[in-house]
Amino acid sequence: MEEQVEWLRPEFQGREDELSSVNELARRADVQPHTVSSWIRRHASFPELVMIKRGSVTTKYFVTAEFDQYRRVQEQVAKQARTKKSAGPRTPATIARERLEDLKAQDAKLAAEEKELSESLAAVLRRRHQLDEEMGAVRKVLENELATIKEALGTEQP
């Protein structure tokens, strides 16, 4: 089977030495290839795919330097998370305060949505009122026209 190459970032054509496959990235990070595949699916910040080689197997390539930067950021995030966890257990008062802040934020968001919806509802009700008035006026014209026709028919009969 003939190997096909698809460039998703053509600026790297001729710079293949800057690229690494998923297997090579896994070795760099000292993890299994399926772990790298999981990062690709789960993390929007994972570097963009550069090239796909299709043959008897499909191989995806990424910019090695971008992957190394991604790993540094992920390690910093993990370190910060560990540091935050090691700060000790949160007191019930802290948990309650954090929950209250979250509830206040949700309430503010709902209040904004409520205001927007009530303004929309008011506009709809105004338009319906206008339509009711317009339909009443049209009905009156039709009733007058019908009365005129009935009157004309009534006078023409022998």
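This is a predicted model: local features need pLDDT of at least 70, side-chain atom pairs count only at pLDDT 80 or more; totals for chains, interfaces and linings use all residues.

Colleague: Where do W39 and Y70 lie in the chain?

Modeller: W39 belongs to helix α2 (residues 33–42) and Y70 to helix α3 (residues 64–85), so that the pair links distant parts of the chain, 31 residues apart. Both W39 and Y70 are buried.

Colleague: Switching to charges, how many salt bridges are found in the whole structure?

Modeller: A search of the whole structure finds eight salt bridges, and a network of them links R9, E11 and E66.

Colleague: Where is R9, then, and is R9 buried or exposed?

Modeller: R9 sits in the loop between β1 (4–7) and β2 (19–21), and its relative accessibility of 12% is why R9 counts as buried, the limit for that being under 20%.

Colleague: What does the side chain of R9 meet?

Modeller: The side chain of R9 makes a polar contact with the side chain of E66 at 2.9 Å, and it also meets the side chain of E11 in a salt bridge, at 3.5 Å from N to O. E11, at 44% relative accessibility, counts as partly exposed. Setting aside neighbours within four places in sequence, R9 is in contact with E48, L49, V50, V63 and E66.

Colleague: Which residue forms a salt bridge with R99?

Modeller: That is D102, with the closest N and O atoms 2.9 Å apart. Because R99 and D102 are three residues apart in helix α4, about one helical turn separates them. R99 is partly exposed, with a relative accessible area of 45%, and D102 counts as partly exposed at 35% relative accessibility.

Colleague: What about the surface, and which residues make the nonpolar patch?

Modeller: L121, V124 and L125 make a nonpolar surface patch of about 270 Å². V124 is found in helix α4, which covers residues 92–156, and V124 is partly exposed, with a relative accessible area of 44%.

Conventions
Residues are numbered from 1 along each chain as its sequence is written. Side-chain values use heavy atoms; hydrogens and water are left out. Helices (H or I, at least four residues) and strands (E, at least two) are DSSP runs, numbered from the N terminus. Buried means under 20% relative accessible area, exposed over 50%, partly exposed in between (1.4 Å probe, protein chains only). A polar contact is a pair of N or O atoms within 3.5 Å; within protein, one must be able to donate a hydrogen and the other to accept it, and residues adjacent in sequence count only if both atoms are side-chain atoms. Contact means heavy atoms within 4.5 Å. Patches are made of residues with over 30% relative accessible area and no salt bridge: like charges are joined within 9 Å, nonpolar side chains (Val, Leu, Ile, Met, Phe, Trp, Tyr) within 5 Å. Accessible areas come from the Shrake-Rupley method with a 1.4 Å probe; for residues, only the protein chains shown count as cover. A salt bridge is a side-chain nitrogen of Lys or Arg within 4 Å of a carboxyl oxygen of Asp or Glu.
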